[in-house]
Amino acid sequence: KSSALEKVLEQIQLVGPSKATVLLTGETGTGKELVAQSIHQNSDRSRGPFVPVHCAALPSNLLESELFGHEKGAFTGASEKRIGRFESAEGGTLFLDEIGEIDSSTQVKLLRFLETKSIERLGSSKTIEIDTRLVCATNKDLLALTKKGEFREDLYYRLNVVTVNLPPLRDRGDDIGLLIEHFLAFFAQENNFEQPSL
């Protein structure tokens, strides 16, 4: 109910039905994945898949294959063809969390997707057209990373079509009581306890 979060909810309602790429910014723990899911649910893609990828959780040598897939024999250990997350999200939304962590090679392929709406699996020269909406999130200052040469400037501007900044809880004091009630009810039900009253 806080005014800071109401502004975010209004942005979700506006941007959800559009086809725009969305960049979610904010500190760790501000609910970026929940907002990404909400954008997906408020879009005409809501019946399609919502596919989250946590970029920092995957080593850079695996991230490219995870996102774009690979053909059999594309690299050592690639014993069979694999569909990547872009193809898995066909008709839906691909959520790339911690986008500031991706390496330069993956940045180039991501830029190509944004420009052409197509990908190539590792080990293939065949272009595959993809109908996937991209929502990205970061807790880093991507503009500062571009100035340091650590993030492609052209990719930054392609991702930064619509930015939604999520406020930290310290700026949402009005929501603390609601959150306490929610978690009391949730954990009481989960543990078969009667919900304590405040």
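This note comments on aromatic pairs and a surface patch in a predicted model.

1. Residues are numbered from 1 along each chain as its sequence is written. In this predicted model, local features need pLDDT of at least 70 and side-chain atom pairs count only at pLDDT 80 or more, while totals for chains, interfaces and linings use all residues, and side-chain values use heavy atoms, without hydrogens and water.

2. The structure holds six aromatic pairs (rings of Phe, Tyr and Trp, the last by its six-membered ring, with centres within 6.5 Å; planes under 30 degrees apart are stacked, over 60 edge-to-face, the rest tilted). One of them is the stacked pair of Phe68 and Phe86, at 5.1 Å centre to centre and 10 degrees between the planes. This pair links distant parts of the chain, with Phe68 in helix 3 (residues 60–68) and Phe86 in helix 4 (residues 85–88), 18 residues apart. Helices are DSSP runs (H or I) of at least four residues, numbered from the N terminus.

3. Phe68 is buried, at a relative accessible area of 1%, and Phe86 is buried at 0% (buried means under 20%, exposed over 50%, partly exposed in between, with a 1.4 Å probe and protein chains only). Phe68, Phe86 and Phe113 form one aromatic cluster.

4. Phe186 and Phe187 make an edge-to-face pair, because their ring centres are 5.0 Å apart and their planes stand at 85 degrees. Phe186 is partly exposed, with 40% relative accessibility, and Phe187 is partly exposed as well, with 41%.

5. Ile180, in helix 8 (residues 176–190), is partly exposed at a relative accessible area of 40%.

Key:
Helices (H or I, at least four residues) and strands (E, at least two) are DSSP runs, numbered from the N terminus.
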